[in-house]
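Please consult the sequence and the structure shown here while reading.

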Amino acid sequence: MNEGRPASGEIEALIGACAEGDRSALKALYDREAGRMIAVAQRIVKRRALAEEVVQDVFLQVWRKAETFDPRLGSGLTWIYAILRNRALNILRSESRTDLVDDPETYDRPSEDEDPEAAVARLSEAGALRRCLDRLEPRRRAAIVLAYTQGLSHGELAGRLGLPLGTVKSWIRRSLASLRECLG
């Protein structure tokens with residue numbers, strides 16, 4: 001990572017290249033700013049793992065919305081760090097909503113819906129989805145199955161599984177990536 005501040009216009013040029021689909025520009029932007037961004041995000045969200053997730057989300061947004069960046073409205077760094085700040089604050093707000101549950105015991109009650117393992121067991125033994133689901137760690141598999149068979153949101157899953165929201169989001173994202181890779 002380059003420890004110095006970028007030359008004037010360098011970040012804007014990288015954002016412009018991202019808008020044109022240049023993945024190497026996104027990587028260069030990541031290499032240049034990710035370390036500082038994680039430190040800033042960590043000051044807001046107070047946890048390293050969550051800060052890393054915030055930064056990952058920011059780079060995803062930069063990639064998707066690079067064409068909306070307008071250098072007449074501010075510098076590229078200002079734009080990126082505004083996305084970072086907003087994303088970190090949104091995650092904190094989401095987690096505080098999860099913490100506002102008056103009766104956390106409600107999430108520990110047995111569900112009237114089907115157990116996630118029972119849903120997996122109903123899949124064909126020879127089916128590719130079953131085989132790929134079986135490769136996932138049991139708690140991650142349960143999160144995926146609950147999300148897709150019972151339609152639980154990330155916040156609801158966090159409450160039900162007794163995990164931080166960031167962990168659940170990370171598990172879902174990584175598990176889906178594993179399933180995609182497994183299913184080819």
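A pocket is an open set of grid points where a 1.4 Å probe fits, with protein on both sides within 12 Å along at least five of seven lines. The structure discussed here is a predicted model. In this model, the largest pocket has a volume of about 210 Å³.

Its lining comprises 13 residues; those nearest the centre of the largest pocket are Ala49, Leu50, Glu53, Gly166 and Ser170. Helices α3 and α9 each contribute at least two residues to this lining. The greatest contribution comes from α9, which provides six residues. Sorted by class, the lining of the largest pocket consists of four nonpolar, four polar and five charged residues.

Helix α9 spans residues 165–183 and also contains Ser175. Beyond its neighbours within four places in sequence, Ser175 contacts Leu136, Arg140 and Ile144.

The model has two aromatic pairs. One of them joins Phe69 and Trp79 in a tilted arrangement, with 5.3 Å from centre to centre and 50 degrees between the planes. Phe69 belongs to the loop between α3 (48–65) and α4 (76–99), whereas Trp79 belongs to helix α4, and the two are 10 residues apart.

| Residue | Relative accessible area | State |
|---|---|---|
| Phe69 | 12% | buried |
| Trp79 | 19% | buried |
| Ser175 | 2% | buried |

Trp79 counts as buried because its relative accessible area of 19% is under the cut-off of 20%.

Key:
Residues are numbered from 1 along each chain as its sequence is written. This is a predicted model: local features need pLDDT of at least 70, side-chain atom pairs count only at pLDDT 80 or more; totals for chains, interfaces and linings use all residues. Side-chain values use heavy atoms; hydrogens and water are left out. Rings of Phe, Tyr and Trp (its six-membered ring) pair if their centres lie within 6.5 Å; planes under 30 degrees apart count as stacked, over 60 as edge-to-face and the rest as tilted. Helices (H or I, at least four residues) and strands (E, at least two) are DSSP runs, numbered from the N terminus. Buried means under 20% relative accessible area, exposed over 50%, partly exposed in between (1.4 Å probe, protein chains only). Contact means heavy atoms within 4.5 Å. On a 1 Å grid over the protein atoms alone, a cavity is a set of points where a 1.4 Å probe fits but cannot get out, and a pocket is an open set with protein on both sides within 12 Å along at least five of seven lines; lining residues have an atom within 4 Å of a point. Grid points are joined across faces, edges and corners, and a volume is the space filled by probe spheres set on the points. Ala, Val, Leu, Ile, Met, Phe, Trp, Tyr, Cys and Pro count as nonpolar, Asp, Glu, Lys and Arg as charged, and the others, Gly among them, as polar.
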